[in-house]
Amino acid sequence: MRADLGSLAASLKAAPLKDLATARAGQASLSAAGWTADLSRQYLDAESDAALLAHGAKAGLEDAAASLFNGDIVNPSENRPALHWALRAQAPLSGEAEKVRQSVLPALEFARRVQEGDIRTVGGASYKAVLHIGIGGSDFGPRLIADAFADLAAPGIELRFCANVDPWDLEHALTGLDPASTLVVGVSKSFGTEETLYNLGRARKWMEASLGAEASRQIALVTANPDRAKAWLGGNDGYLFDMPLPVGGRFSLWSAASLACMIYLKAGTFEAILKGAAEMDAHTRSAPLAENLPMRLALLDFWNASFLERSMRVVLAYSHRLRMLPTYLQQLEMESNGKSVGPGGVPSPYSTAPALWGGEGSVGQHSYHQWLHQGSRSVPSEFILAPDFDRDPEGITALTAHALAQAEVLANGRSLEEVRAEEPDLSDAVAKQKVHAGGRASSFLHHKAFGPEAFGSLVALYEHRTYFAGKLWGLNPFDQWGVERGKTMATRLKPALSGDGMADDPVTASLIKDLS
Ligand code: F6P
């Protein structure tokens, strides 16, 4: 009789992680699309691993993959399929998926024509700068791509980003730019996001000061709501690109939402990102559950969050190119599965998505790694070692050694006996402060030839992992009801901030008084 996951977790949580990991060393790795994930330093053994797999099978993860790629309604809140995978398909599809696949092509074509000077400014010159205005899924992905591959930028075009409604964000982004040679790319799937509309309005005024009524001819809008975009343009010219409705905002970096990146990056770079993602899609739709990397990672997330009750997962990107990945993953995973009630109004019986945070390794070792090693909480970390291995060998060796060392010390710790044996002259007080509890789990992902394709396959891996984890938690990973309330409340509070009326909440009212 296979013990249930709860009782297995209770016994494993108390087991020495070093022993569990040693037993699984070299036998708990999975690979896909050039990525390898070593999961041996997790609180798992053969029995619990098998029980998790059985749970995944019973939960229908393989059917969930088929539903996704069949274009079934996997987003019941909006009665839509989720077709982000179609954006990167390397061959024609059919039906709605084919329309989604084709929606990227005009953006890629436009980008090529801007780069080649075939599309020019109102004054007939080549564009010198692109300003991307968007927020959330209309910002994090393009910003991550631009940062990761800044060395692959096409010559002569500068790229800036603006997301926040804090006026300084736009003003900082505009510093040094000439409206006459700048293309503004406004990205908003709804074309109703306050921050983006505010910044677009200010950017247009900035353009009009130099271009007058012609300003909108240097504005490109990317949206799933062309009617609102046309109304905003007010009958003037402007470039319009489609952001398909069946593509969720946080799953949209493959789409025309990344138009600014397509213009900024050398021709072929963005296509390589799409190709890498398609390779991970092929793995995801064909690999059986036991060998399916996103499914196995989703089961691990389910195990850590819902049975070991880990409230966080820390992503440590040992790759300067991926330093913004944790920020991107925060929206992908926490906006997708930071929920407690499923699409049928049924509360999830599990603790669902953990808080995801992290940063760049080895930089984080000089910040929060103290907390990771000796803090009072044991949380799982996720190492992603993906430098350009062909760069200076001394730096690559150091980065690799640090990543390996951190994972080992987190798991194995350092006992008081070991401290005393290695440093016999320490006072008792100091020796005790040098103990590492250990038992801190980690996964170790790595890729031997990181670049645009590997980037694409990694992000696709996390998208599918998020989808499967949502399935396990009984959630709809494609809606976000929880973000609406705050926006509504902010609108209600604006009059009180300008002295018209009072906030209902006494603390808010007091704060408004202090701020006035
Ligand atoms: O955060 C809420 C949200 O709707 C995200 O899901 C989305 O990516 C972001 O706001 C921006 O939305 P839009 O692209 O419609 O401006």
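Ser362 belongs to the loop that joins strand E9 (355-360) to helix H15 (369-374); helices (H or I, at least four residues) and strands (E, at least two) are DSSP runs, numbered from the N terminus. The model is a predicted one, in which local features need pLDDT of at least 70 and side-chain atom pairs count only at pLDDT 80 or more, while totals for chains, interfaces and linings use all residues. Residues are numbered from 1 along each chain as its sequence is written, and side-chain values use heavy atoms, with hydrogens and water left out.

The peptide bond leading from Gly361 into Ser362 is cis, with omega near 10 degrees. Ala33 is not a glycine, yet its phi is positive, near 50 degrees. Most residues other than glycine have a negative phi, and most peptide bonds are trans.

The ligand sits in the largest pocket. A pocket is found on a 1 Å grid over the protein atoms alone, as an open set of points where a 1.4 Å probe fits, with protein on both sides within 12 Å along at least five of seven lines; its lining residues have an atom within 4 Å of a point. To sit there, a molecule needs more than half of its atoms within 2 Å of the grid points.

Around the ligand are 14 residues, of which Ser138, Ser188, Ser190, Thr193 and Glu335 come nearest; a residue counts as near if one of its heavy atoms lies within 4 Å. Ligand oxygen atoms are 2.6 Å from a side-chain N or O atom of Ser138, 2.8 Å from a polar backbone atom of Lys189 and 2.7 Å from a side-chain N or O atom of Glu335. The protein buries 87% of the 390 Å² that the ligand exposes when taken alone, by the Shrake-Rupley method with a 1.4 Å probe.

Glu335 lies in helix H14 (residues 325-337). An unreviewed UniProt entry annotates Glu335, His366 and Lys487 as "active site"; such annotations may be inferred rather than shown by experiment. These residues spread over 153 residues of sequence and up to 36.4 Å between C-alpha atoms. Among them, Glu335 and Lys487 are included in the lining of the largest pocket.

Note on methods. A polar contact is a pair of N or O atoms within 3.5 Å; within protein, one must be able to donate a hydrogen and the other to accept it, and residues adjacent in sequence count only if both atoms are side-chain atoms.
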